[in-house]
Amino acid sequence: MIEGRLADRAYTAIVRIITDDGLASGDRLPSEARLAQLFGMSRTIVREALARLASDGVTEARRGAGSYVKRRPSERLGTHVAMDALAATLGTYEVRFVLEAEAARLAAQRRSHQQLEVIERALAALRTALLSNAPAHDEDWLLHRAIFEATGNAAFLPVFDHLHDAVMQILRAGVDISRSRPPEVIGAMMEEHDAIVEAIRARDADGAALAMRWHLSQGRKRLMP
């Protein structure tokens with residue numbers, strides 16, 4: 001737990017170097033040894049933080065050359081997620097990849113006609129919200145939750161509900177950042193949800209899991225410029 005918290009601190013400190021020093025995509029970060037010295041932490045902790053930053057699409061490691069900036073976090077992200085909580089909040093994606101992909105798979109296999117109707121109504125509500133200027137995070141949450149309800153496994157819901165606050169922060173940020181970009185970004189977000197629901201409708205379990213993983217991976221990327 002202590003190492004986990006230290007890695008969170010290192011993650012945040014590296015993001016601050018990127019943002020405060022104005023580093024751009026392709027710029028080299030200080031070496032692991034230098035970062036460890038700056039933070040007063042072991043290189044193991046710094047290495048873990050860099051690995052998590054790489055998985056979040058912020059940095060990339062180049063063999064024998066160190067770590068480089070891949071994407072800068074969107075400046076708008078900071079209005080939704082406190083910098084000190086950024087590592088933990090983005091870390092929920094790792095849980096969601098596992099949890100939601102399997103939920104989509106099971107929903108495709110087990111959903112009833114009534115559950116599919118609930119999912120499709122939630123999809124329609126999300127479409128209306130996304131294509132207007134209205135907030136859309138509640139509708140997004142309810143669609144994802146309806147998929148969990150269609151798994152036929154009541155154990156899924158309390159686990160997903162436990163992530164509510166962190167997921168809602170991400171959903172708010174994702175919609176806000178996407179609306180600041182060209183209209184096709186919101187269009188892509190809607191197409192991803194359509195693909196998930198279409199696979200569930202067709203009882204395509206593997207397709208539903210793949211569509212959900214793609215949606216979540218794209219969602220994480222949308223938090224960056």
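Biologist: What lies over the face of Tyr 68?
Modeller: Arg 62 does, at 3.9 Å from the ring centre. Keep in mind that this is a predicted model.
Biologist: Okay, and how many aromatic pairs does the structure hold?
Modeller: Four. One of them is Trp 141 with Phe 160, a stacked pair with 4.3 Å centre to centre and 10° between the planes.
Biologist: Where do Trp 141 and Phe 160 lie?
Modeller: Trp 141 is in helix H6 (residues 137–149) and Phe 160 is in helix H7 (residues 156–162), so the pair ties together parts 19 residues apart in sequence.
Biologist: Is Trp 141 buried or exposed? And Phe 160, buried or exposed?
Modeller: Trp 141 has 7% relative accessibility, and the cut-off for buried is under 20%, so Trp 141 counts as buried. Phe 160 is buried too, with a relative accessible area of 1%.
Biologist: Which residues do the ring pairs link into a cluster?
Modeller: Trp 141, Phe 148, Phe 156 and Phe 160.
Biologist: Switching topic: where is Asp 56 found?
Modeller: In the loop between helix H3 (43–55) and strand E1 (59–62). Asp 56 is buried, at 5% relative accessible area.
Biologist: And what does Asp 56 touch?
Modeller: Leaving out residues up to four places away in sequence, Asp 56 touches Tyr 11, Leu 90, Arg 220 and Met 224.

Definitions and conventions:
Residues numbered from 1 in each chain as written. Predicted model: local features only at pLDDT ≥ 70, side-chain atom pairs only at ≥ 80, totals over all residues. Heavy atoms only, no water. Phe/Tyr/Trp six-rings, centres within 6.5 Å; stacked < 30°, edge-to-face > 60°. Helix = DSSP H or I, 4+ residues; strand = E, 2+ residues; numbered from the N terminus. Buried < 20%, exposed > 50% of the residue type's maximum accessible area, 1.4 Å probe, protein only. Lys NZ or Arg CZ within 6 Å of the ring centre and 35° of its normal. Contact = heavy atoms within 4.5 Å.
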